[in-house]
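The structure to read alongside it is shown here.

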Amino acid sequence: MTLNRRRLLAGAAMLMLWPGSVRAAPPTQSEAMLDLLPDRAGAARLGAQWVAQEHTEPREILESLQRRLRWSADADTDTLRHNLANAIAEDFHSGTVVAVQGWQIARTQAELCALAYFAAAGRV
Amino acid sequence: MFIDGRTLPQGTVIETDIAIIGAGAAGITLARELRNGGRDVTLIESGGLDLDADTQALYEGQSGAVEYPLAESRLRYFGGTTNHWGGWCRPLLPIDFAGRPALEIPAWPLTRTDLEPYYRRAQSICQLGAFDFDDPAPWQARMNLVPMQLPGDELTTRFFIYSPPTRFGEVYRDDIVSAANVRTYLNSNVVEILPNAEASRIERLQLATLGGNRFEIRPKLCILATGGIENARLLLASHSVQTAGLGNGSDLVGRYFMEHVTAPGDVAAIALPDQTRVPYYYVHTPDVDHASMRAVLMPSDAYLARSNGLGTSLSIYEARKPGAEPKTDAQQLEPAVIALLRSLGGDAEQTGMIYGVACALEPVPSAENRVTLTEERDALGLPKSRLTWRPTRTERKALADNLGAMARAFGAWGGAVKILLTDGSDWADDEIGWGNHHMGTTRMGTDPRQGVVDANGRVHGIGNLLIAGSSVFPSCGPVNPTFTIVALAIRMADHIKGGSLG
C-alpha cells in the first residue's frame with residue numbers, strides 16, 4: 001500500500017477525533033511547538049532535568065501542551081506564541097510553577113522543554 | 001567643650017541637668033537638639049575621637065548561638081557606629097508600627113503618623129535630600145525613568161536614600177563642641193547606673209577610665225544611648241538596687257534581640273532576556289538632586305497581610321551575561337534559561353542578563369534571642385555580654401515565600417528567578433548573614449509587662465531614666481535602623497524641651 005495525500009488527511013482527521021492518540025500525532029504538531037524554542041538543545045537540557053524529577057512521559061506532555069497552547073492544526077507560529085505567553089502568565093498567576101535546579105519556570109515552559117528532550121531522544 | 005575623663009581628679013563629682021550616655025547617632029542627635037537650650041547637658045563617650053583598640057575591646061563578648069562579631073559590628077568612639085555605617089535610610093512603614101498578632105510581632109505604641117514629622121527632620125540630619133521613599137513619581141520626574149511594571153500585586157518598588165554616609169562624630173563635632181551648655185566627657189565609661197533605694201529615680205552614674213580613674217555624674221535626667229546590645233548590658237549590670245537589673249522587673253531587658261537576616265551572598269538570581277528591562281536605579285545608586293537613591297523590591301502590604309509574611313528588602317545587583325565564564329554546573333543552564341525566555345519573542349539584538357538578588361529580612365521578635373551577662377569581665381570590671389541569636393524557622397519560611405512571590409512576578413513578566421535558598425525548614429549556619437543592626441532589647445510598650453520603656457522612651461517605673469536608640473524598637477521591618485533612631489531621638493529631645501519628660 002502506498003501512502004498518498006488522501007490517506008494522510010484521513011489519518012489526521014481520525015486523530016482529531018481521538019486526541020488521546022497523540023503518540024501517533026503528525027510530526028507537524030510537535031514540530032510547530034518546538035519551533036517556539038530558539039534553542040532546542042538548551043531546552044532539551046532543561047527538559048532532561050525536569051523529566052528526571054517528574055518521571056513524565058511524551059504522551060502526557062503532548063496532551064498537556066495541546067491543551068495549554070490551545071493547539072489547532074491551523075494555528076500559526078504567532079498564534080502559538082501568543083497562546084504560550086498567555087499560558088505562562090496563567091501558570092505564574094495560579095502558582096503552577098516548577099523548579100529546575102532552582103529555576104522557577106512555568107509548567108508550560110517545563111513541558112516545552114520536556115518535549116524538546118523527548119524529541120531529541122527520538123521519542124516523539 | 002570636650003573633656004578627657006582621664007584628666008579629671010579621682011573622685012570628681014559632676015552635677016548636670018541631663019546626662020546622655022553614648023555619643024552615637026542617638027546621643028549626638030539628642031545633644032545637638034538640646035544645645036544652646038536652658039539646661040546643662042553632659043554627653044558621655046567611652047572612646048575618644050578615634051578608634052582605640054583597648055576601648056574597642058570593651059565590646060568583646062560571647063556568642064550563645066550564631067557566632068556573632070560583637071566587637072566588630074559596632075564602634076566605640078565619638079560618633080559611635082555611624083563611623084562605619086553604610087548610610088541606607090528609609091522610614092519604617094505604617095504596617096511596621098501596626099503589629100501583626102499572628103506572627104507575634106507587637107504593635108508600637110506609636111504610629112508612622114506620630115513619627116512622620118521627626119522622620120522629616122531626620123532627613124536633613126542624615127543629609128538625605130528629598131523625602132521620597134515610596135512614590136516613584138518624583139524619581140520618575142527627576143530621572144525620566146519608569147520603575148519595573150511587574151505584574152500582580154505581590155511586590156512593590158520602594159526606595160532607600162543613601163546618607164553620604166553622615167559620620168555624626170565628624171559632621172556634628174563642631175556643633176557639640178561649640179554648644180555653651182554641652183560638655184562632652186571622652187574616654188569615660190559608665191560602669192553602673194545607680195538609682196535611689198526605691199529604684200524610682202536615677203541618682204548617680206559611676207564612671208571609670210581604662211587607666212583606673214573613677215568619678216561620678218549626678219544627673220537630674222539620664223538618657224541611655226549606647227546601642228542595642230550595650231543598653232541592655234548596662235541595665236543588667238546595674239543591679240545594686242534591683243538585683244535583676246535596672247528596669248528589668250518583667251524580665252524583658254536583653255530579650256527580643258532583633259537582627260536583619262541578610263544571608264551572605266545572593267538569595268536568588270533573575271534571568272531576563274533583555275538587558276534593558278531593569279532600570280539603572282535598581283542596580284546602581286544614582287545621584288539625583290544631591291541625593292543618592294536605590295530602588296528595591298519589597299512584598300506589598302496587601303501581600304504581607306494575606307500571606308502572614310515578613311517584610312523583606314530585595315536588592316538587585318547587576319551580575320553578568322548568562323553563561324559568561326560559568327563557574328558551576330548549575331550556571332551551565334543559564335544560557336538555556338535565557339533562550340527559553342526568548343520563546344516569547346523579544347528583541348534578538350539585546351543580550352540576556354543574569355542579576356543577583358540580596359535580601360534583608362524582617363525578624364520575628366523572640367524572647368530566646370537575647371543579651372545576657374557572662375561571668376567573664378572586661379577591663380573595667382563590667383560583666384561581658386553574651387548574645388544568643390539565631391534566626392527562626394518562621395523567618396526562613398517567610399523568605400522562601402517572598403522569593404516565590406518574586407519568581408511569580410518576574411516569571412509573568414517574561415523573566416525567570418532562580419531561588420538559591422536551599423530546601424529545608426532550618427537555617428544552615430552558612431546561610432545566615434546579618435546587618436549589624438542591634439534592636440529590641442529594651443522594647444517599647446505601654447504595659448510594663450510588655451515593654452521596658454513607654455512610648456516616650458521612659459523606663460517603666462524609673463521617672464528620670466530614658467532610653468534612646470534601636471533597643472526600644474518593638475519591631476523593625478526590613479529596613480536599616482539609623483534613620484528611625486535619629487527620628488526617635490529628635491522626638492525625645494522635643495519632649496524634653498517641652499518639659500514632658502522631666
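## A strand pairing between the chains

In this predicted model, strand β2 of chain A (residues 103-106) is joined by two bridges to β18(B), and the two strands run antiparallel. Within this pairing, A:W103 stands opposite B:K418 of β18(B).

## The interface of chain B and chain A

The contact between the two chains involves 24 residues of chain B and 22 residues of chain A. About 2000 Å² of area is buried between chain B and chain A, and carbon and sulfur atoms give 74% of that area. Between chain B and chain A the count of salt bridges is zero, while three residue pairs are counted in polar contact, both residues of each being at pLDDT 80 or more.

On the side of chain B that touches chain A, the elements giving two or more residues are β11 (268-272), α11 (334-341), α12 (393-412) and β18 (416-419) of chain B. Of these, α11(B) gives the most, with six residues. Sorted by class, this side of chain B has 16 nonpolar residues, together with four polar and four charged ones.

## Two domains within chain B

Chain B is divided into domain 1, made up of residues 1-128, 166-258, 366-389 and 439-502, and domain 2, made up of residues 133-162, 262-362 and 392-431. Where the two domains of chain B meet, 21 residues of domain 1 and 23 residues of domain 2 take part in the contact. The centres of domain 1 and domain 2 of chain B, taken over C-alpha atoms, are separated by 36 Å.

## What the domain interface is made of

About 1900 Å² is buried between domain 1 and domain 2 of chain B, with carbon and sulfur atoms giving 62% of this area. On the side of domain 1 of chain B, the residues that lose the most area to domain 2 of chain B are B:W88, B:R90 and B:P478, which together account for 35% of what that side buries.

Two salt bridges are found across the interface of domain 1 and domain 2 of chain B. The side chains of B:E362 and B:R100 also meet in a salt bridge, with an N to O distance of 2.6 Å. Between the two domains of chain B, six residue pairs are counted in polar contact, with both residues at pLDDT 80 or more. Among the elements of chain B, β5 (88-89) and α3 (94-98) each supply at least two residues to the side of domain 1 that touches domain 2. That side of domain 1 of chain B divides into twelve nonpolar, six polar and three charged residues.

## Salt bridges and a hairpin within the chains

Over all chains, a search of the whole structure finds 39 salt bridges. One within chain A is formed by A:E54 and A:R107, whose closest N and O atoms are 3.9 Å apart. This pair links distant parts of the chain, since A:E54 lies in helix α3 (residues 40-54) of chain A and A:R107 in helix α6 (residues 107-120) of chain A, 53 residues apart.

In chain B, strand β16 (residues 370-377) is joined by five bridges to strand β17 (residues 383-388), and these strands run antiparallel. B:R370 stands opposite B:T388, a residue of β17(B). The hairpin of β16(B) and β17(B) has five residues between the strands, and in this hairpin B:G381 takes a positive phi near 90 degrees.

Definitions and conventions: Residues numbered from 1 in each chain as written. Chains lettered and ligands numbered in written order. Predicted model: local features only at pLDDT ≥ 70, side-chain atom pairs only at ≥ 80, totals over all residues. Heavy atoms only, no water. Domains from an automatic or database assignment. Contact = heavy atoms within 4.5 Å. Buried area = accessible area lost by both parts, 1.4 Å probe. Salt bridge = Lys/Arg side-chain N within 4 Å of Asp/Glu carboxyl O. Polar contact = N/O pair within 3.5 Å; in protein donor to acceptor, adjacent residues only side chain to side chain. Helix = DSSP H or I, 4+ residues; strand = E, 2+ residues; numbered from the N terminus. Nonpolar A, V, L, I, M, F, W, Y, C, P; charged D, E, K, R; others polar. Pairing = 2+ DSSP bridges.
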